[in-house]
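Subject: Structure handover

Hello,

Here is the structure I said I would pass on. Please open it and keep it beside this email while you read.

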Amino acid sequence: MSLLQNLSLQGKRGLVVGIANQHSIAWGCAKALHELGAELAITWLNDKARVHVEPLASQVQASLTQALDVTRPGELESIFEKIALRWGHLDFVVHSLASAPKEEIRGRLLDSSSDGFLQAMDISCHSFIRMARLAEPLMVDGGALVTMSYLGAQEAVDGYALMGPVKAALESSVRYLANELGPCGIRVHAISPGPMPTRAASGLRDFDDLLEASVQRAPLRRLVTPEEVGSLCAWLVCDASRGQTGGVHFVDGGLNILG
């Protein structure tokens, strides 16, 4: 197979979860996957988000769309049932979900409640495991599962607090899932983008200061974009990266090398 064929997603079908608006990391991924020829299924959280996401889904000619709240019983199973009926198989999943109670995400980890911690873990980490379980029987010819992490999983980042341990659990889950699903030809990846002004990240404490510090410290001296994250996502999904699994892949202007 030629290099250009390895870089193509023609004939591939995948699910992208986590688009909130045109600034979302997941939207950068959806655009890149579409440009390489993939057919997409796209979800939105609720009716409020639908007005922002549905026009974006039309731009990438998504053939399957619906609401998806991973905390509501049956909704995750519903989208995979529709994929099974419509396509019969699945080649990739892009998971870009992270959430925690607003009052706790700005506080100290020390002061987090059990309920708040469990909610963050369920939405941001365990939902990826549940998606992997539902995707496995549909990935009959192998496939790829991609999720989004952050540097705060590996080192203490001021203001990240509650989400740091949650993202650390997500990265560990990527390694274990890669080991369990590897014999099926299913590859599992975490992408760790640098901070960027997305709707989800804006809820973090002192977020503007974090953005400014990142620009000053990163070797490239700038923030990365959702489109740059999308390019890496498309690479990890396509056959050109078929020898890679279980890793955390940084796209943060080199911020992660500074320690």
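At what angle do helix H4 and helix H6 pack, and how far apart are their axes? Please bear in mind that this is a predicted model. H4 covers residues 75-86 and H6 covers residues 114-135; they pack at an angle of about 30°, and their axes are 10 Å apart. Angles under 35 degrees count as roughly parallel, and H4 and H6 are therefore roughly parallel to each other. The crossing of H4 past H6 is right-handed. On the H4 side the contact is made by Leu-76, Glu-77 and Phe-80, and on the H6 side by Ser-127, Arg-130, Met-131, Leu-134 and Ala-135.

The other part concerns strand E5, residues 143-148. E5 is mostly covered, with 6 of its 6 residues buried. In a regular strand the side chains alternate between the two faces of the sheet. In E5, Gly-143, Leu-145 and Thr-147 point one way, while Ala-144, Val-146 and Met-148 point the other way; all are buried.

E5 also has partners. Strand E4 (residues 92-95) runs parallel to E5 and is joined to it by 4 bridges. In this pair, Phe-92 is opposite Ala-144 of E5. Strand E6 (residues 186-193) is parallel to E5 too, with 6 bridges between them. Here Thr-147 is opposite Ala-190 of E6. Helix H7 (residues 163-181) belongs with E5 and E6 in a right-handed β-α-β unit.

Regards

Key:
Residues numbered from 1 in each chain as written. Predicted model: local features only at pLDDT ≥ 70, side-chain atom pairs only at ≥ 80, totals over all residues. Heavy atoms only, no water. Buried < 20%, exposed > 50% of the residue type's maximum accessible area, 1.4 Å probe, protein only. Helix = DSSP H or I, 4+ residues; strand = E, 2+ residues; numbered from the N terminus. Pairing = 2+ DSSP bridges. Right-handed = clockwise from strand over helix to strand, strands pointing away. Axes fitted to C-alpha atoms, helices over the stretch in contact; angles between N-to-C directions. Parallel < 35°, antiparallel > 145°, perpendicular 65-115°, else oblique. Left-handed = near helix turned anticlockwise from the far one by under 90°. Contact = heavy atoms within 4.5 Å.
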